[in-house]
Amino acid sequence: MWWVVVVVVAVTVLATYLTWTAQRVDRLHDRSAAAARSLDAHLMRRAAAAAVLAEDHQFPELYAAARAALDAEDEEREAAENDLTRELRAVPLWTDDPGADPVMSASRRLALARQVHNDLAREAHAARRRPLVRILLLTRRHDRPRFFDIDDPTLVPARPMAPISPAPAVAPPPSAGVTG
């Protein structure tokens, strides 16, 4: 009779492990898809901010690159974003220019969104390579996550912020026995 208990426990443990693995694969793919949507939103924000900057300062090449990035299809998206990054680096962005701040801010956020997206895609790919996941076809409902490889979109301002004045010099304490 004890063998029945062992078989029931083994089946329960196996079923629990398989359920946990399937849920983990589903969650990883859902998180990767959410990160891809977030990355797309950040790409759009940066391109829109670059288009506004180009219109305000009369930069036709930057405007063309921003429009190309906004209108790009999935297959040509990485190339369009790389072109936009190169054009943004060629434009002097001054720290006191109010139009440059949204572009630099959007670029920093885009860099973070790209890193999060690629990390989640890497985790999903690792989960897909597990033998049990492949044997049981646990990924059949999900598309394979794609990496998004572009140049680092972080921008550096052309002129640093105004220097902070040094702290006032403090006179050394008077020597002992000296009055004055």
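I began with Ser 107, which counts as buried because its relative accessibility is 0% (buried means under 20% relative accessible area, exposed over 50%, partly exposed in between, with a 1.4 Å probe and protein chains only). Ser 107 sits in helix H4, residues 100-128; helices here are DSSP runs of H or I with at least four residues, strands are E runs of at least two, and both are numbered from the N terminus. I listed the contacts of Ser 107, setting aside neighbours within four places in sequence, and got Arg 46, Pro 153, Thr 154 and Leu 155 (contact means heavy atoms within 4.5 Å).

A note on the source: this is a predicted model, in which local features need pLDDT of at least 70 and side-chain atom pairs count only at pLDDT 80 or more, while totals for chains, interfaces and linings use all residues. Residues are numbered from 1 along each chain as its sequence is written, and side-chain values use heavy atoms, with hydrogens and water left out.

**Overall layout**

I counted 5 helices and 0 strands in the protein chain. Buried residues are 33% of its 180 residues. Of the contacts with a separation of 6 or more, 77% are between residues 24 or more positions apart.

**Leu 28**

I then looked up Leu 28 in helix H1, which counts as buried at 2% relative accessibility. The C-alpha atoms of Leu 28 and Glu 123 are separated by 7.2 Å, though the two are 95 residues apart along the chain.

**Salt bridges**

How many salt bridges does a search of the whole structure find? I got 8, taking a salt bridge as a side-chain nitrogen of Lys or Arg within 4 Å of a carboxyl oxygen of Asp or Glu.

- Arg 67 pairs with Asp 71, with the closest N and O atoms 3.2 Å apart. They are separated by about one helical turn because they lie 4 residues apart in helix H2, residues 60-71. Arg 67 is partly exposed at 34% relative accessibility, and so is Asp 71 at 48%.
- Glu 81 pairs with Arg 77 at 3.6 Å between the closest N and O atoms. Glu 81 is buried, with a relative accessible area of 0%, and Arg 77 counts as buried at 7%.
- Arg 86 pairs with Asp 151 at 3.8 Å between the closest N and O atoms. This pair links distant parts of the chain, 65 residues apart: Arg 86 is in helix H3 and Asp 151 in the segment after helix H5 (131-135).

I also noted that salt bridges with shared partners join Asp 40, Arg 46, Arg 77 and Glu 81 into one network.

**Surface patch**

Which residues make the nonpolar surface patch of about 900 Å²? I found Met 1, Trp 2, Trp 3, Val 4, Val 6, Val 7, Val 8 and Val 11. Patches use residues with over 30% relative accessible area and no salt bridge; like charges are joined within 9 Å and nonpolar side chains (Val, Leu, Ile, Met, Phe, Trp, Tyr) within 5 Å. Accessible areas come from the Shrake-Rupley method with a 1.4 Å probe, and for residues only the protein chains shown count as cover. Val 11 lies in helix H1, residues 2-57, and counts as exposed at 52% relative accessibility.
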